[in-house]
Amino acid sequence: MADKCSEGLLNGAVPGERGKQEKSVKRGNWGNQIEFVLTSVGYAVGLGNVWRFPYLCYRNGGGAFMFPYFIMLVFCGIPLFFMELSFGQFASQGCLGVWRVSPMFKGVGYGMMVVSTYIGIYYNVVICIAFYYFFVSMTRVLPWTYCSNPWNTPDCVGVLDGNLSSRAALNITQLLNTTQKRTSPSEEYWRRYVLNLSDDIGNLGEVRLPLLGCLGVSWVVVFLCLIKGVKSSGKVVYFTATFPYVVLTILFVRGITLEGAVTGIMYYLTPQWDKILNAKVWGDAASQIFYSLGCAWGGLITMASYNKFNNNCYRDSIIISITNCATSVYAGFVIFSILGFMANHLGVDVSKVADHGPGLAFVAYPEALTLLPISPLWSVLFFFMLILLGLGTQFCLLETLVTAIVDEVGNEWIIRKKTFVTLGVAVAGFLLGVPLTTQAGIYWLLLMDNYAASFSLVVISCIMCVAIMYIYGHRNYFKDIEMMLGFPPPLFFQICWRFISPAIIFFILVFTVIQYRPISYNDYVYPTWAISIGFLMALSSVICIPIYAIYKVCRSEGDTLLERLKNATKASKDWGPALPEHRSGRYAPVFSPSTESHLEVQPLQPEKGQNEAAAASPVQGSNGSAHSQDSRL
């Protein structure tokens with residue numbers, strides 16, 4: 001018994017209390033470092049790598065776009081990734097707890113939670129649509145192959161309709177292109193059957209029951225994979241983070257063997273060097289790097305908080321960032337080889353069939369798959385890949401919210417009941433996603449995607465850089481990293497964190513404002529009231545920062561505003577490594593545990609009577625430690 005007590009003292013535990021290390025064990029850790037790397041890869045590599053990057057690349061100069069893309073990766077992407085990983089790993093806290101570093105900026109953490117909530121709601125709706133296409137692909141003939149279905153219009157012309165030869169289909173397509181815009185069976189299946197699209201964002205219509213069922217399936221899958229936190233999700237990512245690469249490789253090998261594939265790939269890669277001087281190209285490159293890596297969502301901080309204190313997150317940040325960007329480039333070959341084949345089949349330019357976002361995933365690419373032998377097989381593989389890519393990101397979004405709630409409450413009861421917190425967040429996410437499965441759901445989904453998680457992320461990231469580098473102090477942060485990793489951050493990262501990365505983030509913000517255009521979906525232009533809701537969603541995350549800062553300043557001690565500001569921005573006493581054995585140097589406790597447990601407060605005026613002395617005697621707290629009745633002493 002005495003040995004256990006002395007061991008507790010060595011670990012920094014107060015006699016009569018459980019060891020502090022036990023709390024960290026209850027919080028959970030990754031089973032090994034591979035789990036963390038795979039989870040982070042799954043988080044960073046998402047749907048945008050497949051349906052956004054290839055389109056941006058061909059639109060902004062093909063191979064020439066790679067130059068600004070990798071420049072932004074080196075000077076902005078990897079440094080920000082490393083900063084967020086090291087931030088979360090050092091404190092072993094989620095996106096709220098880490099702001100003990102400067103409590104006034106805790107609103108940044110709340111802003112991250114709001115953004116993750118928005119993204120988590122609509123992201124799972126996209127996954128549910130992929131689930132729907134995955135299920136309906138399990139048939140002998142894909143339902144969007146022909147124009148002979150009840151939902152098709154007279155304008156529909158399929159490339160395989162009526163057993164026409166490729167030449168006949170080509171002639172009809174060329175004829176239609178001269179008179180009107182060709183409507184493909186896959187587009188009509190998407191708009192008129194899957195979505196049953198209404199004519200206005202305010203006209204919700206009915207809930208699409210097949211999509212609602214698939215939304216329930218996707219939330220159940222996410223919950224079951226996170227039922228034990230990182231302990232269960234860390235095992236699932238062995239499959240969800242690796243199998244998409246198997247599918248990509250299968251689709252790539254099939255794609256490059258098709259006639260016209262080389263044309264599509266050349267369209268994707270041929271550099272147009274004159275576009276390098278266009279500011280929009282650099283803006284698109286910076287924005288794609290920033291959004292693709294998942295910076296300022298809170299997910300990177302959360303995932304890193306489950307690492308061991310001395311894990312080499314510097315190495316991990318470089319591996320994960322490069323893997324993410326390499327996946328984007330690789331996915332471009334997969335997409336454009338198939339689109340090149342389709343363009344060759346139709347006798348049109350690749351630009352006529354290229355698309356991005358939902359238009360690529362649920363219209364252009366599925367139509368191209370109908371031209372392949374055994375098309376249901378390729379369709380099942382493609383949508384299964386989309387599901388896995390989406391789930392990898394969704395796991396981290398949900399875990400970010402759950403971890404922030406559990407860490408903020410922090411008592412043993414909520415740690416034991418973490419599964420129920422996960423269930424509660426999943427149920428809330430499902431209910432909030434129901435409106436997105438209505439006939440106007442796609443309008444709301446795109447509204448959230450364009451506004452809720454756009455410039456607000458840039459603002460949050462910029463303030464985070466300023467708070468860590470200039471309020472907390474770059475020298476303090478560099479010492480923290482040296483204490484954690486055994487070496488200070490390389491000089492390149494020090495310069496990027498202090499000057500280059502914040503400047504690039506500011507450039508992205510300015511670029512976003514200058515390039516702003518009101519949102520539209522195909523020919524539908526959003527009404528003013530809908531755009532206003534979009535801006536309110538964007539502001540709802542950013543507004544957390546000044547509101548909490550004002551609250552914290554008002555609650556801080558000090559007679560003047562300047563004193564209150566200093567106290568509000570000063571690091572909390574409990575900032576630093578979570579486990580006592582890691583709290584060395586300036587984080588070492590002032591008193592040894594044995595001394596602290598017997599600490600008594602002496603009266604300020606010994607000559608006063610015994611009664612007053614007794615009033616200042618220590619009072620036994622609920623946790624077994626001694627505290628004075630006068631907190632100021």
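The protein chain folds into 29 helices and four strands, and keep in mind as you look around that this is a predicted model. Of its 633 residues, 54% count as buried. What about the surface? The chain exposes about 27500 Å², and carbon and sulfur atoms supply 63% of that area. The contacts tell you something about how the sequence is brought together: take those with a separation of 6 or more, and residues 24 or more positions apart account for 82% of them.

Now let's walk through two helix pairs. Start with helix α7, residues 106-136, and helix α10, residues 209-225. Their axes come within 8 Å and cross at roughly 110°. Angles of 65 to 115 degrees count as roughly perpendicular, so that is the label α7 and α10 get. If you care about the sense of the crossing, α7 passes α10 in a right-handed one.

Which residues meet there? On the α7 side you'll find G120, N124, V125, I127, C128, I129, F131, Y132 and F135. Facing them from α10 are P210, L211, C214, L215, V217, S218, W219, V221 and V222. Sort the residues of this contact by type and you get 15 nonpolar, three polar and no charged.

Next, hop along to helix α23 (residues 455-485) and helix α25 (residues 528-542). Here the axes come within 9 Å and cross at roughly 15°. Angles under 35 degrees count as roughly parallel, so α23 is roughly parallel to α25. The crossing of α23 and α25 is right-handed. On α23 the contact is made by F455, S456, V459 and I460, and on α25 by F535, A538, S541 and V542. The tally for this contact is six nonpolar, two polar and no charged.

You'll spot D355 in the loop between α17 (350-353) and α18 (358-369).

Which residues does D355 touch once you leave aside its neighbours within four places in sequence? The contacts of D355 are then with Y55, L360 and A364.

Terms used. Residues are numbered from 1 along each chain as its sequence is written. This is a predicted model: local features need pLDDT of at least 70, side-chain atom pairs count only at pLDDT 80 or more; totals for chains, interfaces and linings use all residues. Side-chain values use heavy atoms; hydrogens and water are left out. Axes are lines fitted to C-alpha atoms, for helices over the stretch in contact, and angles run from 0 to 180 degrees between N-to-C directions. Angles under 35 degrees count as roughly parallel, over 145 as roughly antiparallel, 65 to 115 as roughly perpendicular and the rest as oblique. A crossing is left-handed if the near helix is turned anticlockwise from the far one by less than a right angle, and right-handed if clockwise. Contact means heavy atoms within 4.5 Å. Ala, Val, Leu, Ile, Met, Phe, Trp, Tyr, Cys and Pro count as nonpolar, Asp, Glu, Lys and Arg as charged, and the others, Gly among them, as polar. Buried means under 20% relative accessible area, exposed over 50%, partly exposed in between (1.4 Å probe, protein chains only). Accessible areas come from the Shrake-Rupley method with a 1.4 Å probe; for residues, only the protein chains shown count as cover.
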